Amino acid sequence: MSGRAAIRASAAVGVVVAGLGAWHAFAPAQLGGATRYAIVQGSSMEPELSHGDLVLVRPGRDLRVGDIVLYRDPGLGASVLHRVVAEREGRLELKGDANGFIDDARPRPDEVAGTLWLTIPRIGVALLWLREPFHAALLVFALAFASLAGGSAAAGASPREEPSTG
């Protein structure tokens, strides 16, 4: 194998390893990964988390007081991202940082989807916008229009004349 071929093979292996690492880190739980994605809606976790932040939650570690966790609140019928403030009798006491009260729900640690791993500020606003069918249709229309307009402009371009040497 020549030096150039060895470099290409090493680069290909590096790309595959990096891709597998990214999949392991970021693959959503719905596709067999370990990461859950949530969009913060509301202000109960301000100032640390704001409305529209995209949060990535990972399972698999012992919960401690101070952790921010994602759990399903049966009373609200929604997933909630709040901080663990205490653990009593095998149940977690949770509270939003900006709230003056403890949550009514008291999940067991095994009922928690995971702990906050990564926050991407404000990107959730765009994702919430795209969840609306009309907005998603607008985006598809705009992309299709741009694709067709770009293709027709390129097709209509005249070839550049080369100077004659004769």
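**Entry 1: Arg-108 and its partners**

I began with Glu-111 and Arg-108, whose side chains meet in a salt bridge at 3.3 Å, N to O. I used this cut-off: a side-chain nitrogen of Lys or Arg within 4 Å of a carboxyl oxygen of Asp or Glu. The model is predicted, so I kept its limits in mind: local features need pLDDT of at least 70, side-chain atom pairs count only at pLDDT 80 or more, and totals for chains, interfaces and linings use all residues. Residues are numbered from 1 along each chain as its sequence is written, and side-chain values use heavy atoms, with hydrogens and water left out.

Next I looked up accessibility. The terms go by relative accessible area: buried is under 20%, exposed is over 50%, and partly exposed is in between (1.4 Å probe, protein chains only). Glu-111 has 36% relative accessibility, so it counts as partly exposed. Arg-108 is partly exposed too, with a relative accessible area of 35%.

Which residues join Arg-108 in one network of salt bridges? Arg-91, Asp-110 and Glu-111 do, through bridges that share partners. I checked Asp-110 and Arg-108: their salt bridge is 3.2 Å, N to O. Asp-110 is at 60% relative accessibility, so it counts as exposed. In general, side chains of opposite charge can pair when their charged atoms come close.

**Entry 2: Glu-93 and Arg-88**

I counted salt bridges in the structure and noted 6. One of them links Glu-93 to Arg-88, with the closest N and O atoms 3.5 Å apart. Is Glu-93 buried or exposed? Glu-93 is buried, because its relative accessible area is 15%. Arg-88 counts as partly exposed, at 48% relative accessibility.

I took helices (H or I, at least four residues) and strands (E, at least two) as DSSP runs, numbered from the N terminus. Strand 4 and strand 5 run antiparallel and are joined by 5 bridges. Two strands pair if DSSP finds at least two bridges between them.

I found Glu-89 in the loop between strand 4 (78-88) and strand 5 (91-95). Its phi is positive, about 55°, although Glu-89 is not a glycine. Glu-89 counts as exposed because its relative accessibility is 84%.

**Entry 3: backbone exceptions**

Most residues other than glycine have a negative phi, and most peptide bonds are trans. Arg-122 has a positive phi near 65° and is a residue other than glycine. I placed Arg-122 in the loop between strand 6 (112-120) and helix 2 (123-131).

Which peptide bond is cis? I noted the one from Glu-46 to Pro-47, with omega near 10°. Pro-47 is in the loop between strand 1 (36-39) and strand 2 (54-58).

**Entry 4: aromatic rings**

How many aromatic pairs does a search of the whole structure find? I wrote down 2. Phe-26 and Trp-117 make a tilted pair, 5.4 Å centre to centre, with 45° between the planes. For the cut-offs, I used rings of Phe, Tyr and Trp (its six-membered ring) with centres within 6.5 Å; planes under 30 degrees apart are stacked, over 60 edge-to-face, and the rest tilted.

Phe-26 lies in helix 1 (residues 3-26) and Trp-117 in strand 6, so the pair ties together parts 91 residues apart in sequence. Phe-26 is partly exposed, at 39% relative accessibility. Trp-117 is also partly exposed, with a relative accessible area of 38%.

I then turned to Phe-141 and Phe-145, which form a stacked pair: 6.4 Å centre to centre, 20° between the planes. They are 4 residues apart in helix 3 (residues 133-156), so about one helical turn separates them.

What sits over the ring of Trp-117? I found the charged end of Arg-58, 5.0 Å from the ring centre. The rule asks for NZ of Lys or CZ of Arg within 6 Å of the ring centre and within 35 degrees of the ring normal.

Last, I looked up His-24 in helix 1. His-24 is exposed, with a relative accessible area of 56%. I noted 7.4 Å between the C-alpha atoms of His-24 and Ala-34, which are 10 residues apart along the chain.
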